[in-house]
Amino acid sequence: MDIYDEIELFDCPYCGGPGVLEEEHGWSFYVVCADCGAQSGFCEYKGEEDRLEAAQKAAYTWNLGKVRNPKPSD
């Protein structure tokens, strides 16, 4: 099964847009909102055996709502 099919992502806590799991050049995963650009932190991995766990951690933090809002603050 594909790693992207295994992981459930909630909608963006800022705008309600869809979350998208992204892999960064073979070293980390993060989740980004397809609509507003809000983003989770990077979850790094060192090898193939850690890859699924890193993707799950990125999804977990996104689903908790621990994301950065791309809009400037006041």
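**Strands, core and cysteines**

Guide: Opposite S28 stands E44 of β3. The model is predicted: local features need pLDDT of at least 70, side-chain atom pairs count only at pLDDT 80 or more, and totals for chains, interfaces and linings use all residues. Residues are numbered from 1 along each chain as its sequence is written, and side-chain values use heavy atoms, with hydrogens and water left out.

Visitor: What makes β2 and β3 a pair of strands?

Guide: Two strands pair if DSSP finds at least two bridges between them. Strands are DSSP runs of E, at least two residues; helices are runs of H or I, at least four; both are numbered from the N terminus. Two bridges join β2 to β3 (residues 43–44), therefore they pair. They run antiparallel.

Visitor: How do you know that β1 pairs with β2?

Guide: Six bridges link β1 (residues 19–24) to β2, in the antiparallel sense. E24 faces S28 of β2. Three residues lie between the strands of this hairpin, and H25 in the turn has a positive phi of about 50 degrees.

Visitor: Why is β2 called mostly covered?

Guide: Buried means under 20% relative accessible area, exposed over 50%, partly exposed in between (1.4 Å probe, protein chains only). Six of the six residues in β2 are buried. On one side these are S28, Y30 and V32; on the other, F29, V31 and C33.

Visitor: Which residues touch the most other members of the largest nonpolar core?

Guide: They are I7, L21, F29, A55, A58 and W62, in a core of 16 residues. β2 (28–33) and α2 (48–64) are the elements giving two or more residues to this core. The largest share, five residues, is from α2. A nonpolar core is a set of buried Ala, Val, Leu, Ile, Met, Phe, Trp, Tyr and Cys residues joined through side-chain atoms within 4.5 Å.

Visitor: What does A55 touch?

Guide: Contact means heavy atoms within 4.5 Å. Leaving out residues up to four places away in sequence, A55 touches I3, I7, L21 and F29.

Visitor: Why is C36 called partly exposed?

Guide: Its relative accessible area is 23%, which falls between the buried and exposed cut-offs. C15, at 40%, also counts as partly exposed.
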